[in-house]
Amino acid sequence: MQWLVVANWKMNPGTAAAALSLFEATKKASEKARNATIIIAPPAIFLPRLRTSYRGKKVQFGIQHGHFEHSGSYTGEISLTQAKDAGASWAIIGHAERRAVGETDEDVCKQVVRALTLKMTPILCIGEKVRSASGDHLHFIKEQLRIGLADVSPAKLGKIVIAYEPVWAIGAAEAMQPRDMHEMAIFIRKTIVDTHGKPGLSVKILYGGSIDETNAGAMLREGDVQGLLVGRASADAAQFAHLVSAIEKA
Ligand code: PGA
């Protein structure tokens, strides 16, 4: 199995020099990862520098967020087109921390479509804020998928990755249990099959939320996922190296 591991550095580290040294360490660790493809999503301002300093093939680059318009009057934004030009071939879309500052499912859908037309791989993030015994969270996930994928044709589903990240497990003390992720993966596939037909069965699913070297192996073995979206443990060189060795053993 070739796992996908997305290193979402978020707004870390604080300087370009620190980003370069984190990148050097991540690169070294990644080269040992025979069974994983590593995608680094640094803060956009560091992306061109890291990309041009890299000669290898092992690591790929992603953007944490990109605007769906090519260009225009959107102060502070970076477009997916610009990110692609800077070397990003993957795009995290609709991360919970973007949704928390106002991004809607409709915005997410436009970004997914734009990323696909640019031949970038969208990593569409979904996840409920809370779980309820009555199953409201399932309805919430269904809606996020329905609207987020509304303008995506079934033929394009193979070019999309879904990252399930329950908001309550992001930046938390513990990850979700792999068996619960397994159930959620089945639910996600079934939901996409309902809207897009059979190609929904083969959509790639990642888990994200408090992944580190202690829980990555079990999640990959038992969670019915094709990879992981990693926050904190990817912004720390030593932790990321441990994580990669845990994945090697998975
Ligand atoms: P975390 O973040 O690994 O720090 O919980 C995951 C994410 O938000 O992608």
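How do the residues of the shell around the ligand divide into nonpolar, polar and charged?

Modeller: Happy to! The shell divides into three nonpolar, six polar and three charged residues, where Ala, Val, Leu, Ile, Met, Phe, Trp, Tyr, Cys and Pro count as nonpolar, Asp, Glu, Lys and Arg as charged, and the others, Gly among them, as polar. A word on the basis: this is a predicted model, in which local features need pLDDT of at least 70 and side-chain atom pairs count only at pLDDT 80 or more, while totals for chains, interfaces and linings use all residues. Residues are numbered from 1 along each chain as its sequence is written, and side-chain values use heavy atoms, with hydrogens and water left out.

Around the ligand are Asn 8, Lys 10, His 95, Glu 165, Ala 169, Ile 170, Gly 171, Gly 209, Ser 210, Leu 229, Gly 231 and Arg 232 (each has a heavy atom within 4 Å of it). Among them, Lys 10 places a polar side-chain atom 2.7 Å from a ligand oxygen, and Arg 232 also has a polar side-chain atom 2.7 Å from an oxygen of the ligand. Gly 171 takes part through its backbone, with a polar atom 2.7 Å from a ligand oxygen. These are polar contacts, here pairs of N or O atoms within 3.5 Å. The protein covers 99% of the 280 Å² of accessible area that the ligand has on its own (Shrake-Rupley method, 1.4 Å probe).

Lys 10 lies in the loop between S1 and H1. Pro 13 lies in the loop between strand S1 (3-8) and helix H1 (16-31), and a cis peptide bond, with omega about -10 degrees, joins Asn 12 to Pro 13. Stepping back, the protein has nine helices and eight strands (DSSP runs: H or I of at least four residues for helices, E of at least two for strands, numbered from the N terminus). Its C-alpha trace spans about 50 × 45 × 30 Å along the principal axes.

Technical notes: A polar contact is a pair of N or O atoms within 3.5 Å; within protein, one must be able to donate a hydrogen and the other to accept it, and residues adjacent in sequence count only if both atoms are side-chain atoms.
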